[in-house]
Each structure stands twice: as structure tokens, then as C-alpha cells.
Amino acid sequence: MNYISCIIQILEIPIIETYKDSIKIVQFKVQLPYTRNKLQSPTIIQSIIWGDLAYDIANYYKVNDYALIEGYISLPFNNQINKQIVTINITKLYPFLFTLK
């Protein structure tokens, strides 16, 4: 099963891009919470949001905001660096420790 539900910290400001002239997409890096049994090193992964939810993340969320997400994990292989990159395709996004300015 590759479904995930967790809290993330947004590490960079996402920019809305257009895919095939009609679908909006946002790609940005997030940090997962620490795991208890491993060394305390941050887990930074790439995340993708498609469609109308891309406007919400680009307009309302800032760097270092937290969010509760639901989505799917994928492991595409990157030929340029010969490694698999962990990617989360976010389907639902809920505010958590949200800052308003």
C-alpha cells in the first residue's frame, strides 16, 4: 500500500505551472516528521499537487508552515543521478499550525 497520511513542513514557496495548457501543477520540497527509531535527521522529499488545490497551497501557505496531508507515495527512477526519488502526490491538504499575516 502506498497511501500516506502525515504532517509536513513546507520548505520552499511553490510556483504554479501549467501542464499541457490546462492542468495546474505545483512541485515543492517538504520535510516529514522525525522517526523515533532512526537517527534524528530530516527527511526531505519532493511533493506534487495537481488541479485546483495548487492555487490554495500557492496563495495561502508560506515557508515553515505545517499541513496535514493525504496522498500517494511514488518512487520514480531518476536516470540523471541514478537514484530513486521519493515523491508524494498530495490529494488532500488540511491546515495545521497555519500562520496568517
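First, the ground rules. The model is predicted: local features need pLDDT of at least 70, side-chain atom pairs count only at pLDDT 80 or more, and totals for chains, interfaces and linings use all residues. Residues are numbered from 1 along each chain as its sequence is written, and side-chain values use heavy atoms, with hydrogens and water left out.

Now the layout. The protein chain has one helix and eight strands. Helices (H or I, at least four residues) and strands (E, at least two) are DSSP runs, numbered from the N terminus. In order from the N terminus, the elements read β-β-β-β-α-β-β-β-β.

Some totals. The protein chain has 101 residues, and 30% of them count as buried. Buried means under 20% relative accessible area, exposed means over 50%, and partly exposed lies in between, with a 1.4 Å probe and protein chains only. The accessible surface of the protein chain is about 7,200 Å², and 55% of that belongs to carbon and sulfur atoms. Areas come from the Shrake-Rupley method with a 1.4 Å probe; for residues, only the protein chains shown count as cover. Contacts next (heavy atoms within 4.5 Å). Among contacts between residues at least 6 apart in sequence, 54% join residues at least 24 apart.

On to the core. In soluble globular proteins, nonpolar side chains tend to be buried together. A nonpolar core here is a set of buried Ala, Val, Leu, Ile, Met, Phe, Trp, Tyr and Cys residues joined through side-chain atoms within 4.5 Å. The largest one has 19 residues, and Ile8, Phe28 and Ile57 touch the most other members. Strand 1, strand 3 (23-32), strand 4 (43-50), helix 1 (53-60), strand 5 and strand 8 each supply at least two residues of this core. Take Ile8.

Next, aromatics. How many aromatic pairs does the structure hold? One. The rings of Tyr3 and Tyr72 have centres 5.1 Å apart and planes at 70 degrees, so the pair is edge-to-face. The cut-offs: rings of Phe, Tyr and Trp (its six-membered ring) pair if their centres lie within 6.5 Å; planes under 30 degrees apart are stacked, over 60 edge-to-face, the rest tilted. Tyr3 sits in strand 1 (residues 3-10) and Tyr72 in strand 5 (residues 66-74), so the pair ties together parts 69 residues apart in sequence. Tyr3 is partly exposed at 40% relative accessible area. Tyr72 is partly exposed too, at 41%. Setting aside neighbours within four places, Tyr3 contacts Glu70, Gly71 and Tyr72.

Now Thr87, in strand 8 (residues 87-96). Buried or exposed? Thr87 is buried, because its relative accessible area is 7%. Beyond four places in sequence, its contacts include Gln46, Ile48 and Tyr72. Gln46 lies in strand 4. Gln46 counts as buried, at 18%. Among the contacts of Gln46 are Phe28 and Thr87.

Last, the surface. Tyr19, Ile23 and Trp50 form a nonpolar patch with about 280 Å² of accessible area together. Patches use residues with over 30% relative accessible area and no salt bridge; like charges are joined within 9 Å, nonpolar side chains (Val, Leu, Ile, Met, Phe, Trp, Tyr) within 5 Å. A salt bridge is a side-chain nitrogen of Lys or Arg within 4 Å of a carboxyl oxygen of Asp or Glu. Ile23 lies in strand 3 and is partly exposed, at 37%.
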